[in-house]
Amino acid sequence: MKRLALLIVILSGGLLLYATKDFPSWGDPNSPASTHVSPRYLEKSLEETAVPNVVTAVLADYRGYDTMFETTVIFCAGVACFMLLRKFEPEERDLYYRHIPTGLTLHIKGEKQIPSTSKEFEKIDAIWTPYDFIINTVSRFLVPFIQLFALYVIAHGHHSPGGGFQGGVILGASIIVLAVAFNLRTAVRRFGEKIDGIMSALGVFIYAGVGAFCAILGAEFLNYRALAKILPVGKVMARSHGILAVEIGVGIAVMAVMICIYNNVASEGKFDEGL
Amino acid sequence: MDFLLTHLVAKYNFWLYIILMMIGLYAMIAKNNLIKKLVGMNIFQTAIILFYVSIGSKRGGTIPIVEHIAGGGEHAINPTRYVNPLPHVLMLTAIVVSVSTFGVALALAIKIYQRYKTLEEDELLTRIRES
Amino acid sequence: MIWQLDLAILTLVIVCAIAAISVKDLLGTAILFGAYSFMMCLLWSIMAAVDVAFTEASVGAGVSTVFFVAAVFRTTRRTKD
Amino acid sequence: MTGNYPALLVTVPLLAAFVIYGCSWLHKRSCLFMALLGLTIPFAISVALLKKVLINGHISYHLGGWDPPWGIAYELDPINAIVLVAVTTVALVNLIATSKEIETRFSDRRGAFYALYLLFVVGLLGIVATGDLFNLYVLLEIASITGYSLIAMGDPARAPLSSLNYVFMGTIGACFYLLGVGYIYIMTGSLNMADVHVLLPPLYHSSAIVVAFIFCLVGVMIKMGFFPLHSWLPNAYTYAPSPATSLIAPLMTKVMAYVMIRLMISVFSPKFVFSSIAASNAVVWLACLAIVMGALMALAQRDVRRMLTYIIVSEIGYIVGGAWIGNATAMSGAVLHIINDVLMTFCVFLSLGAIARSTKGYQIENFSGLFKKIPVTMATFVVSGLSIIGIPPTCGFFSKWYLILGAIEGGHYGFIVVLLLSSLINIILFFRIFEEAFFVYPKTNAVHTEGEASIAIAETPFVTLIPLVLTAILLIFTGIYSGSLIALIIKPVVSAGLL
C-alpha cells in the first residue's frame, strides 16, 4: 500500500509541477485571474452594494447563491451528525452522583436513579475531575464577551473582516466553552437540543427565504434589489440590508450546527456526558 | 541578492501547496488509522485552499476592503491596489465544506469504533471477516 | 511582506503537517493539526486574505480541533502509525 | 413567476428540507406530506421547463440579477432539461414507493432522513442545471455529504465503514475537481462555463489547461465509479438502506457521467478533447476494460445487490466509452444511455427492495419460487433485467444500438465486441436469477416448517407496487419513443456541440 501511495503521490505531484511552469508568475498583477473578472468586484462593489468589504459583497451578493449552498452544506453536516449518532433510548449504565453538602460521590449500579427533583445531589460524569474554580469562573466571565464579540463580527462584516460564518462559529464556541468547562448537561440546559435543531433549520431558511422573497417581489432569486419595494431605502442600500439579513441567517445556522455536531460527537449521541 | 531571495520565497509559495497536498494524499492512501487518514484529507483540502489564495495574491496589493473616499466613484478605486477577492470567497466556501466533511467523517469514525472497538483499518477488516 | 517571516511560517506548516500525520498519539495529532491550521491562517493573513484567515482561525484551528479532541476522547488515543 | 422556474426548481426542495427538519422537532407526522410536496413541485417545474426549452431553446437564468461572468447563471438546454426530469421523477417515485419503509425504519429520525433525501435531490438538480464551475463543486459536496450519511444508515455492521471509505474517495474526487477548476481559473480568470469555453481556445496548448482537464476528469470519474477508481462503489451501495440505494445508485453515478459530458462539450470543446489530447482511444479502451471487468466481477457475486452494483460499474463504462468515441451518434447514444440507465437501474433496485421484503436476504438462493409468491414484483424485476441486457422493446436496447452505430462510425470495433460480450454476460447474470425464481421451489424443509403459507401470494403493498409497475411501463415507453427522444432532444444539442 505504501509503495502504491508513493507512486500515486509522485505521479500526481509530477503532473502538478509540470503544469506550474505555465502559470503566470506569483503575485503578478497582470495575470488573467486578476484582470478578467475580479476588477469589477473591486471597482463597483461599493457603488453597487454599498459594502466596503469586497469579500463580503461578493460572498453574499454577487456569488450569494454559492454561499446559500455553503450554508446548506453546514446544515447537512449537522443533520448528518444528528442522524448518525443520536441515540434516543437511554442505555443502561452506571450513574454517578455527588452529594453537594458533603462532597461524597455516589456510584449507582443498575436502573435506579436519584429523583431529579432532589437538590442535594448533582449528577456527574463517569470520568469526573473536580471542578476547577479558576476555569469555571473565567469561562463564566468570558462567555458574554465572546458572544458580544461574535455579534460584532456578524454585524460589522460589511466593513471589516468577518461575517456570518466567523460570527456563527464564535457564537457556537461560546456554548462549547460552557460544555467543556462545566459539563455537557449544563450547556444543553442553557441551549436545548430542540431549540438547536429548529434554529439550524431556521438560519438556512432565512437565507433561502430572503432569496425566495426577492423572487416573489418580482426580481430574480436572491436579487436583493427587489427589497427596496418594502424597505424605506434605495436600491443600493437594499442590497446592503439584504446582505445583512442573510449574514444573520448564516450566523444562526452555523452556531446551531456547530453546537449540534459538538454535542453529538462529544457524547456519542447520548447527550448525557461530554468532554 | 534580495531580489533573488524574494523570488525564491515567491516560487516556494507555489510549490509548497504541491508538497502539502502530496503529504495529505500520501497519508490518505498509506496510513492505516482512520483518524490519520482524516487528518491527511484535511491537509489535502487545506493545500488546495492555499493554492487558491496564492492565485489571488498580488504583489503590492492590500486587503480587499475598499476605503471610503469622499465623493468616490470608480476613479477613486484602483483594482491593482487590492488583492483579488474572488478566490477568498471561493475558499471561505471550501473551508466550510472541509469542516462539514470532517464532522461527518468523525461521526462515522465514532460509529465504527462503537461497533468494532478499533480504528485500525487492517484490524477492522479482520474483525469484519471473522464476524 | 517580510520574507524571513514568510519562509519561517512556510517551513513550520510543512513540519506541522508531517508531524501531525506521523506522531503516534491521536491527541498529539489533534493539537499538531490545530497548530498546522493556525500556521496556515498566519500564512493567509500574510497574503492579505484576511477573511479566509479569520475563518480558518475560528473554524480550522478552533472548532475543528475541539471536534477532533472530542472524537479522540470518545474513541481511542492509540494508533499504530 | 414562470421566469423564475430554474431557481425554483432547486430552491423549492431546498426550502422544503429546512421546513421538514424544523418541523420534525415539533410535529413528526407532517414530514412525509411535506417531503412529497417538496418533490412534486420540482417535478412539475422540471416538466414545464423541458417543454419551455423545447419550444424556446436555451434558457439562461441569472441568479441575483448579476450577469454571468460576475454572478452565477443557470443554463438549461434540452439535454439537461431531460436529465432534470429524470432526476425529479426518480426522486418522487422512489419517495412514494419507499415511504412506508422509511417511516417504520427511521421512525425517530424521519425528519432528518427526509431532509437529507431532499437535499441530495437538490444537490443533483443543481449539478445538472448550473452553469458555473465552482457552484458545481459546492452542489457536488451537498450531494456527497447527504449521500455519505444516507448510506451510513444501512447495515450497522458494514455501512459506516463503507461510507467512510466513500468519504475518503469522494473527497479526493471533489478536491481533484476543485484543483482542476483552480487551474482553469488561474489561466483564464473566469469560472463561468460559457465564458471559460470562449476564453480557452488560445490556451489549448498550455500544459496547465491539459492538467486542469485531467484533474477535473479524474475527479469526476472517481465520483462516478469509473473502473479503476470504482473501489468505493460496491460496498457503499450494497450496505446502504434500500430506500437510499434506490435513490443514490441510479442517480449519483449517472449525474456525474452527465457532468463529464458537459465538461467535454460545454467547458472544453470536442476539438480540444479529441484532437489536442490524443487520449480518446486510450479512454475508450479503458471503458472497454471497465465494461468487461464490471461484468466479470458481477458474475462472481452470489449476492444480487452486490452483483447489481458491479453492473453499474459496467454501465458507466458504456457511457464513458460512448462519450469518448467522439462522434455525434455515439455521444447521443451515451446521453440516451444516461437517461435509460437512470430509469432501469432505478427500476431494478426498487423492485429488489420490494422483493427483499419477502426474502430473508439478497443471495440468489433466496429468490427461489418467488414468481409464485410475488408475480407482479418479479415481473417488474424481469422487465428491468431485460432492459439492462438490452432486449428490443425495452429502452436498454436502443441506447446500446446507438452506441454500436457510433462505434462502427468511429471504427472502434473493440468496443462493439465488448458491448456484445457484456450483454451476453448480463444474460447469464439475469437468467441465473430468473431461473431460480421461476423453476426452483423453496427447499422442502422450508416448506415443511412454514407450511402452505410460504407459497401463498404475498404481493408487495400497493403503495410500492403501483410506482414500480409504472416505472416498468416507463422503461418500455422510453424504449418505444427513444427514436423521437434522440431526434428531438439529444441529437440537435450534441451535433451542435460536436461540429
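This is a predicted model: local features need pLDDT of at least 70, side-chain atom pairs count only at pLDDT 80 or more; totals for chains, interfaces and linings use all residues.
**Entry 1: helix α3 of chain D**

Residues are numbered from 1 along each chain as its sequence is written, while chains are lettered from A and ligands numbered from 1 in the order in which they are written.

Helices (H or I, at least four residues) and strands (E, at least two) are DSSP runs, numbered from the N terminus. I checked the span of α3(D), residues 78-105: at 1.5 Å a residue its 28 residues should span 40 Å, and the end C-alpha atoms are 39 Å apart, which agrees. The expected span is 1.5 Å times one less than the number of residues.

I then looked up burial and found 21 of the 28 residues of α3(D) buried. A residue is buried if 20 or more other C-beta atoms lie within 10 Å of its own, exposed if 12 or fewer, and partly exposed in between, with C-beta atoms placed from the backbone.

**Entry 2: the nonpolar core**

Which residues touch the most other members of the largest nonpolar core? I found Ala109(B), Val87(D) and Leu116(D), in a core of 381 residues. Such a core is a set of buried Ala, Val, Leu, Ile, Met, Phe, Trp, Tyr and Cys residues joined through C-beta atoms within 7 Å. Leaving out residues up to four places away in sequence, I list Val121(D), Leu124(D), Leu125(D), Val128(D), Leu251(D) and Val255(D) as touching Val87(D). Contact requires C-beta atoms, placed from the backbone, within 7 Å.

**Entry 3: helix α4 of chain A**

I found 9 of the 9 residues of α4(A), residues 54-62, buried. Among the elements that cover them are α5 (64-85) and α10 (235-266) of chain A, α3 (85-116) of chain B and α3 (50-74) of chain C.

**Entry 4: strands of chain A**

I traced β1(A), residues 95-99, which pairs antiparallel with β2(A), residues 105-108, over 4 bridges; pairing needs at least two DSSP bridges. Tyr96(A) stands opposite His107(A). The two strands form a hairpin with 5 residues between them, and Gly103(A) in the turn has a positive phi of about 85°. β1(A) is also joined by 4 bridges to β3(A), residues 121-124, in the antiparallel sense, with His99(A) partnered by Phe121(A).

Notes: Two residues are in contact if their C-beta atoms, placed from the backbone, lie within 7 Å.
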